[in-house]
Structure formats: structure tokens, C-alpha cells
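Could you walk me through this structure in my viewer, one selection at a time? Please tell me what to pick next and what I will find there.

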Amino acid sequence: MFPAIPNPTTEKSAAKFGEKDMIRRSASTITPPAKRQTEVAKLIDVSKCIGCKACQTACLEWNQLTEEVGVNVGVYDNPHDLTANSWTLMRYTEYENPESGNLEWLIRKDGCMHCEDPGCLKACPSPGAIVQYSNGIVDFVKENCIGCGYCVKGCPFNIPRISKADHKAYKCTLCSDRVAVGQGPACQKACPTQAIVFGTKDEMKAWAAKRIADLKSRGFDKAGLYDPPGVQGTHVMYVLHHADKPQLYAGLANNPRISPLVEAWKGVGKYAGLALIGLTAAAGVIHHILQGPNRVSKEDEENAEKLAGGKS
Amino acid sequence: MSAHDRDSGAHTRVPRYSGSARINHWIVAISFVLLLLSGLSLFHPSLFWLSALFGGGATVRWLHPWIGVVLVVGFIGLFIRFFAQNLPERTDWVWLARIRHVLSGNDEYLPEVGKYNAGQKFVFWSQSVLVAVMFVTGVGLWEPGLAYFESLFGFKATIDQLRAAALIHAAAAVLTITIWIVHVYAAIWVRGTFSAMTRGFVTGGWGWRHHRKWLRKEVDEGKVERQNVTPAE
């Protein structure tokens, strides 16, 4: 058992992190704090998940969200995809392991990975709509969101969703409000098998190492931790029994990174674009200074008059 | 009569754009400027303040696509009106080969051109292509618009297609703004041009200097208006 996080006291306490701990703010230049907070992480042990969806329910409950009543199309996934209200979703995969011949039920809790290199934040054009705190949490700030959907294109995991009701982007907050008072996320609190645990990133890596050793002893010799380096690591990590094949788990990205299309669009493209526009305008000004206006002369008018006169 | 007409002693004027063509042009022009301002506000953080002109970023997000629709409809009108006169001719290549003389204002070294010279034709065709590209990629960035076209044509855009759409939309926007600067600058530099799009007329001398083949045709068709000498003031 991973030691449970004790319940908070009833006394009021100051938030453990806030604006002063921002290390990134969308479409803004900020000075990150000199000292970084201890990085937190949520560890999702896929091998321990029983697919009960308590985490989904706890997420709706804590965040006061209501999902629409859906339709059953013969699969366990409910709803069928992440939505503006469902910030986490159990994705069920039936996998016939060719080596063992076993049918494996791979159940992955999908949701925001809280990337160290967040593509959503880098794509966001609205100042302060997406922020990253020094403890690793990437949070959407509703008041500043304009609903453009650029975060959806920026995300390497296809997580954010735009609400049809208020046209703002939503995703898992890692329960930043709970973490701020020393609690773990609601999904972790509700998980009956400790498939979800929460703590510092180092604690989670150490706990994952134990779990991976256990899985290897049971014959899952490819078991491993999913903490993808392409996004400089994440603050939601998975223990996978088949860490060599993440795509088995409902298409989990093998090597996620911010798309080169997004990097080109939001990186060099912006400066090259502004430079080209600026240079063209400057060329016009310089040309006009050097060349002077191209005026119609008296002779031109006289010639035109002659031409017109000859014909009328 | 404008100052230009008096200074150059113009006694002839030639109709260049009908009232409906001018209204059509200015609908496209105004929507272009609004698209430019709202689009640039989301293009780079240093320009986000431009969104305040429209009432904030959220308004820009829904308004920009609709202005785009207005521009596309207007542009189709301009395209139908002008495309025949913008078809390439052999003299266009001569004109382009002598681009140095164009930039130096030595119109006497250039071939006689019809209603549009090669530069104007370049602006016309490149903007036509870019408007089409911006519309298609713009739909990809427009949630309700995308949902509409997806259900209309029965497809589902992939996330990578939408990423490409964002990149292409931004790149095409830069190009269209660049060409627009060329278009506006040419109208400023070549004095006597603006009246074509404001009052609909240019002076005969302007036609003689810049579009002589067109002027000859207008004269032949008896469209050139002769005017009395303006009395001294």
C-alpha cells in the first residue's frame, strides 16, 4: 500500500502555490520564480486498474460537472470521448497477447498529462489563459480563455475540449484546488485499488519502480514507466505492463512531442511572418522616398486629349 | 475636380469602375482590414491588444470567421467581374522583364497595357488563390464552421490536418497581407489611381500613361468624357 494522504484539517490554511509560482503563462513573458516548488505527479498504474470508473465519477463530482446521458454502442467507454465536462475517461482495450495467448483487458485512464513542455500553452494566443506552475501543474484560466481551440491543436495527447455552452476550453486541472491545500486529486482519492496514487514526482517514480519490479516478476518483462521525454516528462505518469508498446493502450502516443507543424506555426513562423510584413511595408516607404510619386504629366493629359479629340 | 486633375490640366476623364464594382471592392476592402486586425491579434502575443478593438479575444474568435465569410462572398463577386481582364497576355512577360523600369516610373519604356498590367494581374491571381486557401484552412480553425462542413460532406478532420490548417492559414495570411501592402502602395505611388475606386473615374492622362491600350479601347468605344477647361480660380 502507498501511504494514504491524510485528510486536511478544518482550519483555514494558505494555498500552497499560486500566481507567484507560475513558470509559464500563455502569450506572455514572465520571470519565473527563483526557486521551483517540488514537482508533483499522479501515477496511474494501469495494471491495477479494475475499470470501475470511480475516478470519472469523482472528477465530475468534485468539479461540479454533469455529463450528458449517452448511448451504449456496445463498448465500455462512457462517454465515448473526453468532453468539455468529462476531463478524464477510462478507455478500454481488449488485447490478445500473441506471446501468452491471453486476452488482456487494458484499461487506461485518459486525461491531461500535465506536460513539462506543454503544447497547449505554447499554442495559446490569449495572455494568461493557460499557466504552468512550478510544481508541474498546467492549468486553464477560464476568465482569460477566448475559446479559439488552438490548445486542442497544440496538445500532443489530444486532450482539451471546447465547451459548446460557454465556448471555453476545459481539461483536467490535476485538481489544482485540492493540491493547493495538500490534498491529492479527486480521482486518486476515489480509486479503490490505488491504481491512482499522488505525491511528489520523485516519490511516484520510486513507487513506480517497485510496481514495475513486481510486474516483471510476474512475467511482464516489458513493464515500465511512461514519462515521455519528448515533452520533457509529464506530471501524470503511467505504469504500463507493455511499456514498449504504449499504442496498445487505446492509442497512447509512442513518442509524444509537440507537433512540428505547431512548432513551425508558433515558433519561427511568427517572427518570419512579422518580419516579411514589416520588410514589405518598409520597402514601400523606402521606394517612395527614393523614387517619389509616379505622377501623370501634362503631356500625358494632352496626349489623351488628342487621342480622344481625334475620335470624337 | 481633385487637386491632381487641376495640376495636370486634365480635360478628359474615363470611367474605370462602375458603382456596383466600387461597392463590391470596398466591402472586400473593409472586411480585409477587419480580418487583418482581428487575425493579427491572435497571430502574435505582442498584437493581442488589437482584440480590444473588437471587444476582446472571445469576440474576435467568433467574429473573425464571419467577416471571412463576407470577404469570400465579396471576393467571388470581384473575381467574376475582373477575371477575364486579368487573363495573362504575351505583353505581360515583357512588362515583367522590364520591372526595373516599372519601379523607376519610366512608363515610356513599357509596352502598352490593357486594363491591368502584369503586376495587377499577379495581385489578382495570388489573392484569388490565397482567399481560397484561407477559406478552406480557416474553416478548419472554426469549430461551428468545421462541424457544419464535416456533416455536409461526411468527413472528420484529423487533428494533424487541423494543425496543418493552422500553419497554412497563418502563412497564407502573411502572404496575403504582404500582397495587400503592394496593392495599397501601388495605388498610393501611382498618383491619380485612387479616384478609380472612389468616384469611378481616372483622367485620360492616367490612362495614357499607365494603361494606353485600355485607353485606346475606351476612346474607340466613345466612353471618354471631354470636359470644359476649368475656369481660373
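Start by selecting the interface in this predicted model: 52 residues of chain B are in contact with 44 residues of chain A, where contact means that C-beta atoms, placed from the backbone, lie within 7 Å. On the chain B side, the elements that give two or more residues are α2 (19–43), α3 (57–82), α5 (99–104), α8 (159–189), α10 (204–210) and α11 (212–220). Helices and strands here are DSSP runs numbered from the N terminus, with helices being H or I of at least four residues and strands E of at least two. Colour α8(B) first, as its 16 residues are the largest share of the side that touches chain A. Then colour that side of chain B by class: 28 residues are nonpolar, 15 polar and nine charged. In this scheme Ala, Val, Leu, Ile, Met, Phe, Trp, Tyr, Cys and Pro are nonpolar, Asp, Glu, Lys and Arg are charged, and the others, Gly among them, are polar.

A word on numbering and confidence before moving on. Residues count from 1 along each chain as its sequence is written, while chains are lettered from A and ligands numbered from 1 in the order in which they are written. Because this is a predicted model, local features need pLDDT of at least 70 and side-chain atom pairs count only at pLDDT 80 or more, whereas totals for chains, interfaces and linings use all residues. The model scores ipTM 0.91 and pTM 0.92. For chain B the mean pLDDT (the predictor's confidence in each residue, from 0 to 100) is 93, and 94% of its residues reach 70 or more.

Chain B holds 11 helices and three strands, in the order α-β-α-α-α-α-α-α-α-α-β-α-α-β from the N terminus. Its C-alpha trace spans about 65 × 45 × 35 Å along the principal axes.

Now zoom in on α2(B) and α3(B). Their axes lie 8 Å apart, at an angle of about 150°; axes are lines fitted to C-alpha atoms, for helices over the stretch in contact, and angles run from 0 to 180 degrees between N-to-C directions. The crossing is left-handed, that is, the near helix is turned anticlockwise from the far one by less than a right angle. This contact has 14 nonpolar, 10 polar and one charged residues.

Show side chains for B:Pro65, B:Gly68, B:Val72, B:Phe75, B:Phe79 and B:Phe82 on α3(B), which meet B:Phe124, B:Ser128, B:Val131, B:Phe135 and B:Gly138 on α6(B). By class, this contact has eight nonpolar, three polar and no charged residues.

Switch to chain A, with its nine helices and 11 strands. Its radius of gyration, taken over C-alpha atoms, is 27 Å, well over the 20 Å of the globule rule for 312 residues, so chain A is more spread out than a compact globule; the rule is 2.2 Å times the number of residues to the power 0.38. The C-alpha trace of chain A spans about 100 × 50 × 40 Å along its principal axes.

Finish with two backbone details in chain A. Select A:Pro79 in the loop between α1 (54–62) and β3 (88–96): the peptide bond from A:Asn78 to A:Pro79 is cis, with omega near -5°. Then go to A:Lys53, in the loop between β2 (40–45) and α1 of chain A, which has a positive phi of about 70° although it is not a glycine.

Notes:
Two residues are in contact if their C-beta atoms, placed from the backbone, lie within 7 Å.
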